[in-house]
Amino acid sequence: MNILTALSEKPWEENPNPQMQKAVRERVRISGLRVLLTVVSVLFFLFIVAFLMRSQYPDWQPLAEQASHPLYDKTQLWLNSIYLILASVGMQIARMSSRGTKRQLTKGALIVAGVFSSAFVAGQLLFWQQLTAQGFTVDANPALSFFYLFTGLHALHVAIGLITWLVALRITLFSDPTAHAEKINHYIELCAMYWHFLLGLWVLLFALLISKPETYNAIVEFCGLGGGV
Amino acid sequence: MEAKVILRTEANNKKGAGMGIAIALIVIVIGSIIFHFLSPWMMTPLASNWGSIDDTMLITLIITGIVFIAINFFIAFAVIKYRHDKNRKSKYEPENKKLEVWLTVITSIGIVAMLAPGLVVYSDVVTVPEEADVVEVVGQQWSWSFRFPGADGELGKSGVEHISIDNPFGVDPLDPLGQDDVLISGNRLVLPIDRPVKVLMRSKDVLHNFYVPQFRVKMDMVPGTVSYIWFTPTITGEFEILCAEFCGVGHFNMRGYVEVMSQQDFDSWLAQQPTFSQALAKNSSEALSVTAQSGKDLSQISGCLGCHNFTDSSIGPTWKNLYGKMQTLADGSQVLVDDAYLKESVLNPTAKIVKGFAPIMPVMQLNDLEMDSIIAYIKEKGGVEGEAAAPEISGEQLALNKGCYACHSIDGSKMLGPSWKGLFNSEKSLASGQVITVDEEYLKESIFQPNAKIVAGYPPVMPPPVINEQEAQAIIDFIKTL
Amino acid sequence: MENETDHDMHEPTSFWTKYVWSQDHKVIAIQYSVIAILVGIVALILSGLMRLQLGFPGSFDFIDPSAYYQFVTMHGMIMVIYLLTAIFLGGFGNYLIPLMVGARDMVFPFVNMLSVWFYLLAVIVLMASFFVPGGPTGAGWTLYPPQAILPGTPGNDWGIILMLVSLAIFIVAATMGGLNYVTTVLQARTRGMTLMRMPLTVWGIFMATILALLAFPALFVSAVMMLFDKILGTSFFMPAILSMGQQLDHEGGSPILFQHLFWFFGHPEVYIVALPAFGIVSDLISTHARKNIFGYRMMVWAIVGIGVLSFVVWAHHMYISGMNPMFGYFFATTTLIIAVPTAIKVYNWVLTIWHGNIKLNVPMLFALGFVSTFTIGGLTGLFLGNVVVDLPLSDTYFVVAHFHMVMGVSPILVVFGGIYHWYPKMFGRMLNDTMGKFHFWGTFLGTYAIYFPMHYLGVLGVPRRYFAYENYDFIPESAKDLNAMISVMAIFVALVQLVFIYNLIWSLFKGKKAGDNPWKATSLEWQTEHTPPTHGNWGKELPVCHRWAYDYSVPGYEQDFLPQTFTGQPEGQKA
């Protein structure tokens with residue numbers, strides 16, 4: 001039902017009772033996950049706004065323009081991105097195959113997804129280590145502080161995702177596939193949604209962090225964020 | 001019908017029970033109105049051009065006052081008229097479009113009536129008149145200082161990195177615009193009457209807010225940026241400056257004064273105040289003067305120190321004891337190292353090569369101020385002593401100017417810090433448990449390292465004041481007299 | 001949720017799972033409320049201590065400036081976040097949403113349980129800051145950097161870190177709760193419960209939860225970034241500055257950026273507290289006036305409109321912050337626009353009692369008291385929202401009086417009213433009426449006496465957050481007497497709350513038995529089989545909703561209220 005129609009209903013008038021909402025467990029969970037992802041989006045959106053506003057101050061130094069910049073060598077980050085893409089692909093394969101009968105494929109894909117996600121988290125930590133070893137610590141310059149903040153929070157979200165992944169994995173591996181097919185599909189569905197979201201988020205953050213200062217200026221100007229502070 | 005009337009009377013007999021809230025609301029409204037007109041707590045008398053702000057406030061007060069009275073009376077009336085009666089039923093009325101539209105329209109009109117004049121006045125507030133004079137207010141925990149732009153009408157650049165004991169304002173010593181800036185390091189600002197003034201604000205440490213109730217406008221002072229307000233003082237006299245943005249434990253005692261006087265008085269007052277360059281010449285509490293300090297920074301940045309230093313094994317001619325000595329040149333002639341020679345050697349290095357050195361120095365492009373700063377550095381570090389300046393004001397005045405009274409009382413009352421009354425020669429137990437006698441040495445230490453020996457019962461929150469040794473001594477002498 | 005085999009619905013049997021590790025929304029609601037009230041008492045004591053200093057400066061040796069600022073800060077933060085937000089969303093939201101929409105529980109009971117435990121953890125971390133070296137932070141509840149994390153501010157070491165950590169934990173708790181409330185309203189309404197048939201209480205809490213979910217991230221962002229600045233030495237909010245005469249390593253950060261983030265949370269926060277109050281008060285007025293709420297649709301639209309607008313007014317807290325002054329035009333306009341839907345709500349409340357049949361029960365007294373105090377608070381908001389009038393008034397006692405009226409006194413009156421109204425459902429016994437009336441009159445008249453005159457201190461220009469006002473020439477001596485009077489009233493009001501606490505406990509054992517529907521109310525929570533409702537709320541069958549929640553005094557029916565489950569026909573049309 002259209003939200004505007006719903007909100008203009010006159011509830012004191014005689015209305016035929018509308019069909020009962022079918023509160024299926026699945027739909028409730030997906031709905032809950034959507035709300036959660038909205039909150040996470042808002043969180044990162046605000047971080048990005050803060051990042052862009054901060055980028056307008058004179059002491060700002062871009063991260064990936066010259067060889068002396070911390071993110072100039074992006075090899076590790078590209079590698080990590082590939083891990084996360086593979087994890088997402090694994091989730092998608094698990095999701096699609098779980099609707100069919102290829103049980104082994106589902107299990108395999110789910111495991112692959114988890115392993116690559118762990119590799120992503122480990123890879124990010126490794127990159128942090130490389131950076132600090134080069135003297136690019138968190139307080140070195142504001143853009144770098146944001147880099148640590150963004151990657152840290154994002155990796156934390158992946159790590160939290162891995163906990164739900166463990167639950168999904170347990171159910172997929174150890175419960176009776178015929179009796180719990182619905183449940184298995186459902187958990188995998190939720191994981192896949194979450195993973196695709198985190199992949200999209202990572203791509204956005206990665207692109208933002210390695211953009212040129214001109215790009216920031218253009219965005220800030222376009223959104224009218226400048227001048228406020 | 002008859003039965004109804006009887007029941008009605010019964011309900012009326014019980015009226016005392018339910019009417020409390022109605023009576024209370026009526027009393028509150030009437031009481032509030034009486035309070036408003038009898039209250040001795042009205043706005044401070046206006047002393048600036050911002051009467052229009054008071055006018056918009058009056059408009060808002062009238063409109064909101066009417067609504068306040070109307071709503072409360074309406075509730076009271078409704079409670080009396082429609083109090084419970086078990087023989088009566090409420091009216092079933094889900095909505096009344098016409099009434100709701102009317103109410104919305106009337107409300108909107110009221111809102112516009114408040115907002116429109118407000119925005120018109122606001123556009124005056126943000127548009128600074130071209131002819132406005134400029135004055136800068138600098139805030140720090142918990143005192144004020146002020147800077148006038150001097151003859152050139154422009155303030156020199158400033159920055160936290162330039163702040164030192166001899167340069168408390170942090171004016172860039174190398175900015176020519178700043179040389180004639182007039183510095184008021186006390187907490188008393190003087191302004192001429194009937195001249196619009198644009199107040200630029202900055203803070204050395206945390207947020208502050210420049211607030212003079214009689215002027216109506218106020219604005220935060222934010223470290224890292226410069227904010228502004230403008231107003232025209234219209235009444236002569238002395239007004240208090242308050243800090244209106246929480247800035248730490250001394251916030252409530254960050255006092256200052258602004259004195260509005262005639263243009264003539266103002267001019268003669270201003271003429272007596274030191275300019276930045278005068279102030280620099282006098283100060284010498286540290287090894288290097290501010291000018292020399294910036295010369296040192298400059299020679300580091302420009303790479304001078306790569307070849308010249310103050311040892312005997314310098315690649316270029318040593319700067320040790322350089323100034324004032326006779327230098328033997330490559331052609332065997334001798335030259336006195338003075339300002340002119342040094343200037344020439346920097347701007348045209350190969351003109352007079354010192355014997356024993358190769359002509360490899362690149363040409364440096366320096367303006368006069370930069371040149372002077374490097375010469376001052378060579379002079380001071382190389383071996384010419386700076387002269388000590390005697391404090392020109394009393395310890396009492398200094399204590400006021402430096403904001404000591406924000407935390408230390410002189411009448412014995414307990415404030416943030418120990419009172420100065422009877423402090424000297426008294427015994428104090430420290431937070432560490434140790435008991436000491438307050439002597440000169442302890443006082444001096446406490447001024448320059450305030451948190452080294454904290455008296456028990458007081459928080460370690462004193463910022464070291466920006467004063468030199470002589471000034472510290474003057475304050476100590478003052479404390480002794482209390 | 002129709003499905004009876006759902007595994008979440010097993011009734012717990014042991015004491016621990018029933019009352020401590022409970023996943024039942026009713027128990028969680030009571031847990032939330034009890035913690036909130038306890039922590040609120042701490043904040044109330046702190047306000048009393050503050051008022052002692054302000055009313056009788058110098059008479060109490062143990063209150064030095066550091067302690068005073070710590071009291072101010074903790075009082076504000078606890079009241080706004082840990083009491084009001086928690087009790088409206090975690091308390092009322094948890095208890096009422098499933099009952100009012102006809103669900104058996106929240107949709108994610110386990111997450112709901114985690115929510116209350118995270119909330120408790122947040123409170124413990126916050127309370128711990130009273131016992132660490134340096135004490136709790138004294139930075140003011142707005143926690144503005146740079147001073148919040150620098151020497152010169154009390155509790156700049158441990159206090160501020162614990163405060164920020166506690167806030168972060170609270171936000172996690174609020175998010176977990178919020179997920180539940182929103183999803184439950186969206187997905188678990190019973191048959192026939194359309195959005196527009198929901199009681200306004202649910203609407204208010206629902207919208208407030210959405211605001212919380214969207215606004216709390218901003219507080220989280222600013223808290224995390226400030227923690228970085230404090231602990232790791234980054235420069236998000238820290239410009240190059242001196243502190244205690246030393247130049248710090250920070251460079252280039254922006255304190256105003258923090259203020260933008262903080263108020264992007266802070267303003268919706270006002271409505272997170274206000275919207276549930278709006279909703280609850282609508283239901284109280286309608287029920288006790290025995291009349292349908294006037295202009296229900298307008299009320300819903302106003303709630304939605306206020307919710308949306310609350311995200312574009314935040315910088316009206318920053319007119320004098322040093323931000324670009326051009327922003328003033330925009331934010332003054334949006335701020336005054338938000339007054340229109342708010343005014344409509346006030347009109348509709350008073351129009352609801354017009355032609356009503358008003359029973360002045362204790363909840364109704366609180367509701368009417370709310371309309372009066374909220375009117376004052378809302379109207380003074382028009383002074384502060386109008387940028388140019390704000391210039392002389394901001395950071396003075398006018399602001400203090402305004403926000404205490406609008407989001408201190410008003411919501412707390414609704415909290416009290418709501419407790420008097422739903423306590424019979426929660427515990428099966430009525431709260432004592434005499435004590436309730438005494439509580440109302442003491443609180444209502446007392447707070448009026450505190451805050452109405454306080455506006456005048458602000459008009460005079462007395463700045464807020466001052467430990468003492470000695471030797472300021474523009475403040476007349478009489479202001480000190482006024483301050484003393486305010487302090488006496490504040491302590492009186494605080495003592496009156498003891499009666500309320502006593503009433504809560506006394507009535508638990510000795511209160512009059514309430515029955516299922518003591519107020520003869522229509523909404524679903526009063527139609528449960530048992531009072532208090534048992535685990536799962538409803539018997540075998542979920543209730544079916546046939547009408548809106550405001551069928552009071554419907555013409556043609558003998559009884560003066562028709563429950564939402566009522567299916568009968570008007571008398572004339574009876575077969």
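Author: In this predicted model, five strands of chain B form an open sheet in the order β3-β2-β1-β5-β8, with mixed pairing.

Reader: What makes β3 and β8 of chain B stand at the edges?

Author: Each of the two, β3 (182-184) and β8 (227-231) of chain B, has a single partner strand, so one side of each is left without a neighbour in the sheet. From one strand to the next, the twist averages 25°.

Reader: Why is α8(B) called largely enclosed by the rest of the structure?

Author: A residue is buried if 20 or more other C-beta atoms lie within 10 Å of its own, and nine of the 12 residues of α8(B) are buried, so the helix is largely enclosed. Among the buried residues are V290(B), Q293(B), K296(B) and L298(B).

Reader: How do you know that the length of helix α8 of chain B agrees with its number of residues?

Author: At 1.5 Å a residue, its 12 residues (290-301) should span 16 Å, and the end C-alpha atoms are 17 Å apart, which agrees. Just after α8(B), G303(B) takes a positive phi of about 85°.

Reader: Which residues make up the contact of chain B with chain C?

Author: The contact takes 88 residues from chain B and 99 residues from chain C; on the chain B side, the largest share, 14 residues, comes from α5(B).

Key:
Residues numbered from 1 in each chain as written. Chains lettered and ligands numbered in written order. Predicted model: local features only at pLDDT ≥ 70, side-chain atom pairs only at ≥ 80, totals over all residues. Helix = DSSP H or I, 4+ residues; strand = E, 2+ residues; numbered from the N terminus. Expected span 1.5 Å × (residues − 1). Pairing = 2+ DSSP bridges. Axes fitted to C-alpha atoms, helices over the stretch in contact; angles between N-to-C directions. Contact = placed C-beta atoms within 7 Å.
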